[in-house]
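Thanks for coming, everyone. Have a look at the structure on the screen, and I'll walk you through the parts I'd like you to remember.

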Amino acid sequence: MHHFSIRTADIFHSMAFYERLGFAVEERFTAGITLACWMRGPWGRLELIQVPQPHPAPDPFGDPHYVGYYHLSFEVGPEWGSLATYLEHLQAQGPLTVVLPPQCQKIGSQTYEVAFIADPDGLPIELIRLQGSLASKAEPA
């Protein structure tokens, strides 16, 4: 993957938000008549494009019939101990919209801690942290 792209109403607010998640501006440029940038972070490259005269974004998290982009998912490393600790770290840096507080979710044989936050335009971002896996039982011979 080269990058993922997000259209934003205010590129400077979005840049500050994604910097809190560990991204850093790699390149600033214009896209037509508008401002844009690439940011590099622990999960790859993000492109932000400011939209002149923006319309509110749809609510993919709150609308069960929405089809299309749903969310980004960033894996939080074990060094944080828990998603609650990571969210406290983010909240200490400024306001943060928590859409879904941390909870456990089993996916296959893995157990994850999952939470959702929203970026400045209301786009949902999943934070996921591996908690462990179920030991697979050996098949009898």
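Let's start with strand β7. Eight of its nine residues are buried, so β7 is largely enclosed by the rest of the structure. By buried I mean under 20% relative accessible area, with exposed being over 50% and partly exposed in between, using a 1.4 Å probe and protein chains only. Strands here are DSSP runs of E with at least two residues, helices are runs of H or I with at least four, and both are numbered from the N terminus.

Before I go on, keep in mind that this is a predicted model: local features need pLDDT of at least 70, side-chain atom pairs count only at pLDDT 80 or more, and totals for chains, interfaces and linings use all residues. Residues are numbered from 1 along each chain as its sequence is written, and side-chain values use heavy atoms, with hydrogens and water left out.

So who sits beside β7? On one side, β6 (residues 97–107) pairs with β7 (residues 110–118) in the antiparallel sense, over eight bridges. Two strands pair, by the way, if DSSP finds at least two bridges between them. Q105 has Y112 in β7 as its bridge partner, and L100 stands opposite F116. The two strands make a hairpin with two residues between them, and G108 in that turn has a positive phi of about 65°.

Then there's β8 (124–133). β7 and β8 also pair in the antiparallel sense, over nine bridges, and A115 is partnered with L127 in β8. That's a hairpin too, with five residues between the strands, and G122 in the turn has a positive phi of about 85°. Is G122 buried, partly exposed or exposed? It's partly exposed, at a relative accessible area of 39%. The C-alpha atoms of G122 and V67 are 16 Å apart, while along the chain these residues are separated by 55 residues.

Back inside β7, let me point out E113. E113 is buried, with a relative accessible area of 10%. What does E113 touch? Leaving out residues up to four places away in sequence, the list includes S82, L83, A84, P102, L127 and R129. A contact here means heavy atoms within 4.5 Å. A polar atom of the E113 side chain also lies 3.0 Å from the backbone nitrogen of L83.

Now over to helix α1, residues 11–20. Its buried residues are I11, S14, M15, F17, Y18 and R20. An α-helix has 3.6 residues a turn, so residues three or four places apart point the same way. Just after α1, G22 takes a positive phi of about 105°.

Finally, let's zoom out. The protein has two helices and eight strands, and along the sequence they run β-α-β-β-β-β-α-β-β-β. The C-alpha trace spans about 65 × 35 × 30 Å along its principal axes. Of the 141 residues, 35% count as buried. And of the contacts with a separation of 6 or more, 47% come from residues 24 or more positions apart.

That's my tour, so over to you for questions.

Terms used. Polar contact = N/O pair within 3.5 Å; in protein donor to acceptor, adjacent residues only side chain to side chain.
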